[in-house]
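Open the model in your viewer and keep the selection tool ready. The stops below say what to select next and what is there.

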Amino acid sequence: MLKLVYKRFIGAMMLIVIASVFCFLLIAAFPGNVALVIAEQRSATVSIEIVHQVEEEYGLKDPILVRYGRWLGDTLRGDLGRSLRTGEPVGPALLRRAAPTFVLILAGATVALTIGLGFSLLGALWPGGMVDRGVRALALVGASMPKFFIAALLVYAFGVLLKVLPTYGFDGPSSWILPALAIGIVPGALISRVTRVALESAMSRPYVTTALAKGMSRGRILVRDAVPNVLPVVVNAFGIHFAFMVQAAIVIEPIFAWPGVASYFVEAARFRDYQVLQSSLLLFSMFFILVNFVVDLIVLTIDPKQRRPRSA
Amino acid sequence: MSSSEALLDVSNLDVTLHTERATVRASRAVTYSVAAGRTLAIVGESGSGKTILNLAPLGLLPPGVTADITGEVRFDGKLVLGDGVNQIASHRGKDIGVIFQDPLSALNPARRIGSQIMEVAEQHLGMTARAASAHAAELLKMVGIPDPVARLSQYPHELSGGMRQRVVIAAAIAAEPKLLIADEPTTALDVTVQAQIISLLRQLQKRIGMAIVLISHDIGVVAGMADAIAVMYAGAIVEIGSADDVLVQPSHPYTRGLLASVPRLDTPLGAPFRGLPGLPPDLSRPLKGCAFEERCSVALEACGSARPPLQPVAGTHAAACFANVRAALAATR
Amino acid sequence: MNTTRRTFLISSGLLTTALVSGIELPAFAAGDATTLRIALNRQTGNLDPTVYKAIWAVQSMIFEPLVRYGQGGKLEPALATSWSVSEDGKALAFKLREGVTFSDGTPWNAEALKWNLDRWIGKEDHSWLLVSAAYDRLQIVGPYEVVLHLKNPVPSALAELTTVRPVRFLSPKAVAADGTFKEAVGTGPWKVVRNDAERTELVRNDGYWGEKPAFEAVSLVVIPNARSRVDALRAGQIDITGGVFVAALSPQDARTLEASGLAVETATGTDTLVLGFNPERPILQDPRVREAVSLCLDRAAICEKLLKGFATPTMNLFPSVIPDSGRRLPVPKRDVARAKALLEEAGWKGAGVRSKDGTPLKLELVISEDAVAGSRALGEVIQNFVREAGIDVDLRLVDHVSRHDDIPQLKYDLALFITAGAPYDPHSSLTTYFLSTYRTGTDGKMFMDAAKLDPLVNAALTATEGTRAAAYQAFYDWLEQNHAIAPIYHATRLWAHGKRVSNFSIPATEYEMPHEGIKLVAG
C-alpha cells in the first residue's frame with residue numbers, strides 16, 4: 001500500500017515537471033510581440049525604439065531554453081514576476097485571488113456532491129418512481145446545459161426577477177449561492193447519473209438479498225450496503241468533476257465578477273500578460289494533478305481489497 | 001403430516017414468477033410442515049423450484065422478478081400468508097434466518113464482517129453497538145471461527161470460503177431464529193468443508209433448538225441431517241416422508257434416480273447429477289401429464305395424460321406416481 | 001481509515017451547514033442614497049498618472065488638468081483660471097487657481113505644477129504628446145503664475161493639456177522618498193479609499209474647490225462580463241454602466257435595457273470607424289478601386305442592422321463635435337453599378353471575381369475583435385457588399401497583440417480603424433494615421449502619401465488660430481477627392497442607468513466618468 005502511494009506520488013511530481021515545461025512553452029510560443037504589450041503601458045503611442053528597449057530589458061530575444069531556465073529558477077525561488085498589465089507582483093496576487101476560487105470550487109463541489117448523492121439515493125430508494133424518473137430527466141437536461149446558460153438562468157431568476165440574491169461580487173455567503181449552483185449543477189447531474197447506475201447494479205447484488213433476509217429495510221441497505229460499494233465510483237467521478245471545476249471557473253468567475261485566479265487568468269489572456277498566464281497555468285495544472293493524486297489515494301483507501309490485500 | 005405442533009406449516013403453495021420475458025409456474029400445490037427443532041430437507045435438481053418455493057414467500061426474489069403466491073403458510077401457529085395476509089417478510093432475520101449458496105457474494109465486500117453480523121443483533125435484539133459487537137464475537141466463536149474478536153474487523157476477502165460460510169451462518173442465527181432456511185449451504189464449498197458445515201448446522205440446531213429447512217440438490221448431503229425429506233421435481237413435491245422412509249424405501253422413480261446418482265469419492269467436485277438421463281421440463285409451458293414422464297423408465301400409459309397426485313405409501317410417507325401406487329397396491333393384496 | 005472517512009463526512013456536513021446558516025437575505029439589491037455604483041469591465045489598476053495603465057475615467061475623477069475639455073471641445077478653466085498663447089505660439093501663460101489644495105492638504109501652486117511637469121514633460125516615453133516633444137522650459141512668474149515655453153508652436157498644446165495622462169496633477173507628497181508613486185492623491189472631487197481587483201471605492205473630497213458632488217461615495221465595481229453588467233443593472237445592483245473604455249455597452253444590450261424600462265443615454269460619437277486602404281498595395285493605389293469599395297458599402301444599413309441604430313453613417317473623418325472637423329459631406333447611397341463601372345474603367349474585368357492582367361481582385365481585411373468590438377460581423381457584411389461588384393475580400397481574424405504586430409508593419413490590404421476621438425482629435429488622428437514621417441509601434445496608417453498628403457497634414461497641425469479651419473479643410477478635401485479612406489460611421493456613445501439616478505449627463509469625452517451633477521435617491 002505504502003509503496004503504491006509512493007509510486008503515485010513520484011508520478012504526480014513528474015507530471016508537474018512536465019506541466020511546467022508545457023506552461024512555459026505554450027505561453028512563450030504564443031504569436032504576437034509581448035514587448036509591444038509592455039511598451040504600450042509606457043507611452044500612449046509606442047515607437048519602435050521603446051519596443052526594442054523593452055525586448056532588451058526583459059531578455060525577450062534570448063533563446064527559449066535560457067528563458068525557461070530563468071523562469072523555472074525564479075518560480076522555484078517563489079518569485080513569479082510582476083504582471084505586465086498592472087505591475088503588481090504575481091505571487092501575492094495569485095495568493096490573494098486563490099481564496100475566491102477556492103470558495104467557488106469548494107462550494108460548487110458541495111453542491112455537486114449534494115445533488116449527485118442526494119438525487120441518486122432518492123432515485124435508488126424508489127426505483128422507477130416519480131422521483132427517479134424526474135431526477136433522471138433533470139440530470140439529462142442539466143448535464144447537457146452549458147454552464148454560462150445555467151448561470152444566466154440563475155441570475156435572471158434570483159437576481160433580476162426575484163431580486164433576492166446578488167448577481168455579482170464576492171461578498172459573503174449570500175453571494176456564493178448562485179456561482180456555487182452555476183458551477184455545481186452540471187457536475188452534480190453527471191455524478192448523480194453515474195451514481196444512480198452504480199447503485200442500481202449494487203442493489204441487485206446477492207449481498208443485498210442477504211441483507212433483506214437479515215430483516216434490514218431497503219433504505220438502510222441502500223446506505224449501509226450499496227453506498228460503500230459504489231463509493232469508489234462516486235469518488236472517481238467526483239474527482240474528475242472537481243478537477244474540471246478549475247476550467248469551469250474560467251467561465252463562471254467573470255460572469256459573477258469574482259476576483260479569483262480564473263478571472264485573473266482570463267484577463268491576463270486578453271492582454272497577453274505572460275507572467276500571469278504562465279504562473280496561473282502552472283497553478284491550475286498543479287491543482288489538477290494534486291486532485292487526481294488525492295482521488296487515487298482515496299480510492300485506494302476506500303477499497304478494502306486494495307487497502308488490505310489478503311496476503312498482508 | 002401437518003400437525004398442531006408444526007412450527008412451519010405450508011399448504012397448497014403455488015408460486016408463479018413473472019419476469020419481463022416469461023411467466024413461470026415455479027411451484028404448484030406444495031404442502032409440507034416442519035416441527036420445531038427438526039430438519040426438513042427439500043431435495044431436487046436445479047430449477048426444480050425448491051429455492052423459489054422458500055424465498056418467494058419471504059420476498060427475497062432477484063430484482064426484476066415478481067411473484068404471484070397463493071396458498072397458506074402458518075408460522076409458529078399464526079397465519080402469515082394466505083387469506084389476504086402476507087407477513088412473512090416481517091419475520092426475516094428475526095424468527096427466520098437464511099443462509100445462501102455462495103458465501104462470497106452473500107457477504108458485502110465493502111463492509112467489515114463484524115458490522116454485517118452486528119446489525120442483525122442491533123436491529124432485532126435492540127442491542128447497543130458495544131453489546132452487538134460482543135454478541136457477534138460470541139457467534140463467531142460458536143460457528144467455530146478462531147480469534148473471533150480480530151475477525152470482526154476483517155473484510156470478507158480476507159477469509160477462506162468455509163470461514164465465510166460460517167460468517168453467513170453466524171449472521172443468520174444472530175437473532176436466534178426459530179427457523180433457519182439453508183439454501184444449498186455447502187454447494188460452493190470443498191467436500192471436506194461441506195461435512196464441517198453440515199455438522200456445524202446440527203450442533204447449532206441442538207443448541208438453539210431451531211427448525212431447519214435444508215435445500216439441496218444433493219441427497220447425499222442431506223442424508224445425515226434430515227429428519228424428513230421432500231423431493232421436488234418440476235415445481236411439485238413428488239415424494240415426502242421421514243428420512244428413513246424416503247432413503248430406504250424410495251417410492252418415486254425420480255427419488256430412486258437421485259439416490260443412485262449420489263457422487264462417489266472419485267466423481268469430480270461440483271459435478272451435476274449422474275445417472276439421470278434427460279432434462280427437466282420447461283416450467284413456462286403447461287403440462288398435461290406427469291412432469292417426469294419423459295425421463296421415467298417405468299412410465300405407464302396414464303402418465304402421459306394425467307398428473308399423478310401425492311398419495312400415501314405408508315404412514316406419513318407419500319409419493320406422486322401411478323406406477324408406484326399400483327406396485328404398492330399390488331403388494332398389499 | 002474509519003476516522004478519515006468519518007472526518008470527511010463530518011466536515012462536509014459542517015460545510016453545508018455553514019453555507020446554509022450563512023445565508024441571510026439582506027436588502028443588498030437596494031442601494032443607499034449616499035453611494036453611486038458604476039460598473040468597470042476590468043480592474044482600475046495602477047492610478048499613477050504618468051503610467052499608462054489605469055482606466056482613464058477613474059483617474060479623471062481624482063486628478064485634474066489645468067484646462068478642461070468641455071462639450072464640443074470648448075476649453076474651460078480648471079486648475080488654471082485663465083491662459084493665453086503668445087503671438088508666435090511658443091509661450092503658454094497660465095494663471096493658477098488660488099486656494100486649492102490636494103486632498104492630502106498639500107497646496108496647489110507653481111511649485112506643485114513644476115514638480116508634476118518634471119515627472120514627464122520632455123521625456124522620450126511621453127514624446128507622443130506634441131507639447132512634450134516641443135517642450136523647452138518652464139518659467140515661474142509667481143506662486144500662481146507660470147509660462148510654458150516651447151521650441152516650436154504647438155496649436156494643439158492646450159487640447160493636449162486637457163487629457164488624462166500623463167498631464168494631470170498628483171500631490172508632490174504622494175510619492176515615496178525615491179520619487180516612485182505611492183498613492184493617488186489629486187485635487188479632484190473624489191478621494192480613493194480602496195483600489196483592488198474587486199472594486200475601486202472613492203469618497204467625496206470635502207475640500208474640493210469646485211461644485212461638490214451631491215452624494216458621498218462612488219463604488220466602481222469590477223464586472224468583466226458584459227452580460228453580467230446588464231443583469232446587475234436590471235437587478236438594481238449597480239446604477240450606471242457604459243462608456244467605451246469603462247464598461248462598453250453593446251448596441252444589442254442597450255436595446256435590451258431600453259426594453260426593460262431602464263434609461264439609455266446617448267450622445268453623438270466623437271470618433272469615426274474608418275475602412276483604411278494600405279497605401280503600399282499596388283491594387284489600392286488606384287483611387288477608382290478605393291472609390292468602388294466605398295460605393296459598395298451600405299452605410300445606413302450597417303448602422304441600422306449591425307449597430308441597432310446606435311450609429312450615424314458618415315463620409316467625414318471626424319464627427320462635427322470635433323473642433324475643425326470640416327465641411328459635412330453627403331453620405332452617398334450604395335451604388336454597385338457605379339462601383340462596377342469604376343472597376344471596369346480601372347481595367348478590372350470579368351465575371352465573378354474580377355481580374356486584371358491575370359491578377360484577381362482579391363483583398364485581405366484584418367479583423368481584431370479586441371481592437372474594434374463587433375468588427376467580425378462588420379467584416380462579414382463588408383465582404384458581402386463588395387462581392388457584388390466582383391471584389392473578393394478575405395477576412396483574417398487576429399487578436400489584440402497580433403493586430404499590434406501586423407498593422408504597424410502594414411501587413412494587410414484593408415483594415416478597420418477608429419479615430420482617437422475627443423479630446424485628442426483632430427490633431428492626434430492626423431499625426432498617427434496620416435503622417436508618413438511618424439511611425440508608431442502600435443498603429444498603422446489609414447492612408448499615406450509623403451509627397452502630397454504630408455504637407456497638408458503638417459500645414460493643418462501647425463496652422464494658427466485664424467488659418468486653422470481652412471488648413472484642415474484642405475486636408476479633408478484631398479482625402480475626399482482621392483477617395484483615400486472610406487469612413488463608415490460615428491458610433492453613438494452609450495450609457496445606461498437605473499431609476500435611482502437622475503440628472504445624468506454624458507461627459508464630453510470617453511475618458512471621463514459621468515458623475516457631475518448626478519442626483520441619487522435610495523431605492
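Predicted model: local features only at pLDDT ≥ 70, side-chain atom pairs only at ≥ 80, totals over all residues.

Residues are numbered from 1 along each chain as its sequence is written, chains are lettered from A and ligands numbered from 1 in the order in which they are written, and side-chain values use heavy atoms, with hydrogens and water left out.

**Stop 1: the two domains of chain A**

Select residues 2-76 of chain A and colour them as domain 1, then select 98-307 as domain 2. These bounds come from an automatic or database domain assignment. The C-alpha centres of domain 1 and domain 2 of chain A are 33 Å apart.

How much area do domain 1 and domain 2 of chain A bury between them? The value is about 1,800 Å², with 79% of it on carbon and sulfur atoms. Buried area is the accessible area (1.4 Å probe) that two parts lose on being put together, summed over both. Now select R8(A), I27(A) and W71(A): in domain 1 of chain A, these lose the most area to domain 2 of chain A, together 28% of what that side buries.

The term stands for a side-chain nitrogen of Lys or Arg within 4 Å of a carboxyl oxygen of Asp or Glu. The count between domain 1 and domain 2 of chain A is one salt bridge.

Helices (H or I, at least four residues) and strands (E, at least two) are DSSP runs, numbered from the N terminus.

**Stop 2: chain C**

Chain C is divided into domain 1 (5-47 + 188-268 + 493-520), domain 2 (67-174) and domain 3 (273-491). Select domain 1 and domain 2 of chain C: ten residues of domain 1 are in contact with eleven residues of domain 2. The two bury about 830 Å² between them, 54% of it on carbon and sulfur atoms. Pick out W209(C), A508(C) and E512(C), which supply 57% of the area that domain 1 of chain C buries against domain 2 of chain C, more than any other three residues.

Then select R68(C) and E516(C). They form a salt bridge whose closest N and O atoms are 3.0 Å apart. The side of domain 1 of chain C that touches domain 2 of chain C has five nonpolar, two polar and three charged residues.

**Stop 3: where chain A meets chain B**

Show chains A and B together. Here 21 residues of chain A are in contact with 30 residues of chain B. The buried area is about 2,400 Å², of which carbon and sulfur atoms give 52%. The count between chain A and chain B is three salt bridges. One of them joins E119(B) and R220(A), with the closest N and O atoms 3.6 Å apart.

**Stop 4: inside chain B**

Select helix α10 (residues 253-260) of chain B, where the buried residues are P253(B), Y254(B), T255(B), G257(B) and L258(B). Buried means under 20% relative accessible area, exposed over 50%, partly exposed in between (1.4 Å probe, protein chains only). These residues pack against several elements of chain B, among them β3 (39-43) and α9 (243-248).

**Stop 5: one serine**

Finish at S263(A) in helix α11 (residues 261-270) of chain A. Is S263(A) buried or exposed? S263(A) is buried, because its relative accessible area is 6%. Leaving out residues up to four places away in sequence, S263(A) touches R97(A), E253(A), P254(A) and W258(A).

How values were computed. Contact = heavy atoms within 4.5 Å. Nonpolar A, V, L, I, M, F, W, Y, C, P; charged D, E, K, R; others polar.
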